[in-house]
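Here's a quick briefing for anyone meeting this structure for the first time. Have a look at it, then read on for the overall makeup and a few helix pairs.

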Amino acid sequence: MGLSLQHPWAFAFGLLGNIISFMTYLAPLPTFYRIYKNKSTEGFQSVPYVVALFSAMLWIYYALLKSDECLLITINSAGCVIETLYIMVYLAYAAKKARLFTAKILLLLNVGVFGLILLLTLLLSAGEKRVVLLGWVCVGFSVCVFVAPLSIIRQVVRTRSVEFMPFSLSLSLTVSAVVWFLYGLLIRDKYVALPNVLGFTFGVIQMGLYALYRNATPRLPAAKEVSDDEASVTDVIKVPEHVVTIAKLGTPAVELKRTEVSPMGSRLTGKSKQEEHPVVEEKSEVADTARNAV
């Protein structure tokens, strides 16, 4: 039905959905170019790409069980290829711990869970019942995927910053949800249409938050706490500055030093007195020499 000329609007929205979804799949390219350039994943997570691969695999299986769903097969096949390449690049440059975690999630979700769904739908159902069962599985998982951005929404509200929620990505996801909803509506497939209602809702919320906080002053409580700690440490280790004045030794200088710094002044006074005695002795020797000469 998706490619039937009897439903030109369904074909048009399906084709448009393929184009928009393909561009959305390519959105992380700058991130993976950065990973390739720096030879490090730099703390990026692999879970979204593993989940996206699992979602594409599910929808391919669902489309194969139905008749004439080529538009679902084409975009999700492209998604499987792209997400697989992303995961391969991630595994190539990730640290050992992150690489092991990604491998475990990949085996658990894309091999274990998908294999279990495949086995249960083949053994426990047949014909139209199998399509219905798999359709609700796809709906449930798609709802989980659309609910995932709630963490990003919470972070935007808490920090008043839209740094981690690009407007272009929110817009593309919203438009994609609208297009696929209309496609599902036109082909009378509730399993395609229903999840995109939730996707559209969260997309509108994200764009609204972007408009609200794009010019707001970011709130960085963590950075403030760090600066306060640094200030307290600075106050603890701060020592008073001492100014050393070099002047001619004499009575005023000795008295000045004695007034400013009493411990050092006492030592300097004693030293200056020791230095004055040779001068007195020299004066007495000169006087004796003068008397002798007389």
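The model is predicted, so to speak of local features takes a pLDDT of at least 70 and side-chain atom pairs count only at pLDDT 80 or more, while totals for chains, interfaces and linings use all residues. Residues are numbered from 1 along each chain as its sequence is written, and side-chain values use heavy atoms, with hydrogens and water left out.

**The chain overall**
- The protein chain has 12 helices and 0 strands (DSSP runs numbered from the N terminus: H or I of at least four residues for helices, E of at least two for strands).
- Of its 294 residues, 31% count as buried, meaning under 20% relative accessible area with a 1.4 Å probe, protein chains only.
- Carbon and sulfur atoms own 68% of the chain's accessible surface of about 19,000 Å² (Shrake-Rupley method, 1.4 Å probe).
- Among contacts with a separation of 6 or more, 75% join residues 24 or more positions apart; contact means heavy atoms within 4.5 Å.

**H3 with H6**
- Helix H3 (residues 47-65) packs against helix H6 (residues 128-147) at about 155 degrees, with axes 10 Å apart; axes are lines fitted to C-alpha atoms, for helices over the stretch in contact, and angles run from 0 to 180 degrees between N-to-C directions.
- H3 and H6 are therefore roughly antiparallel (over 145 degrees; under 35 is roughly parallel, 65 to 115 roughly perpendicular, the rest oblique).
- Residues that meet here include Phe 54 and Trp 59 in H3, and Leu 134 and Phe 141 in H6.
- This contact has 13 nonpolar, 3 polar and 1 charged residues (nonpolar: Ala, Val, Leu, Ile, Met, Phe, Trp, Tyr, Cys and Pro; charged: Asp, Glu, Lys and Arg; polar: the others, Gly among them).

**H2 with H4**
- The axes of helix H2 (residues 29-38) and helix H4 (residues 70-93) come within 10 Å and cross at roughly 25 degrees.
- That makes H2 roughly parallel to H4.
- Leu 29, Phe 32, Ile 35 and Tyr 36 of H2 touch Tyr 86, Val 89, Tyr 90 and Tyr 93 of H4.
- By class, that's 8 nonpolar, no polar and no charged residues.

**H8 with H9**
- Helix H8 (residues 167-186) and helix H9 (residues 190-213) have axes that come within 8 Å and cross at roughly 155 degrees.
- That makes H8 roughly antiparallel to H9.

Conventions
Buried < 20%, exposed > 50% of the residue type's maximum accessible area, 1.4 Å probe, protein only.
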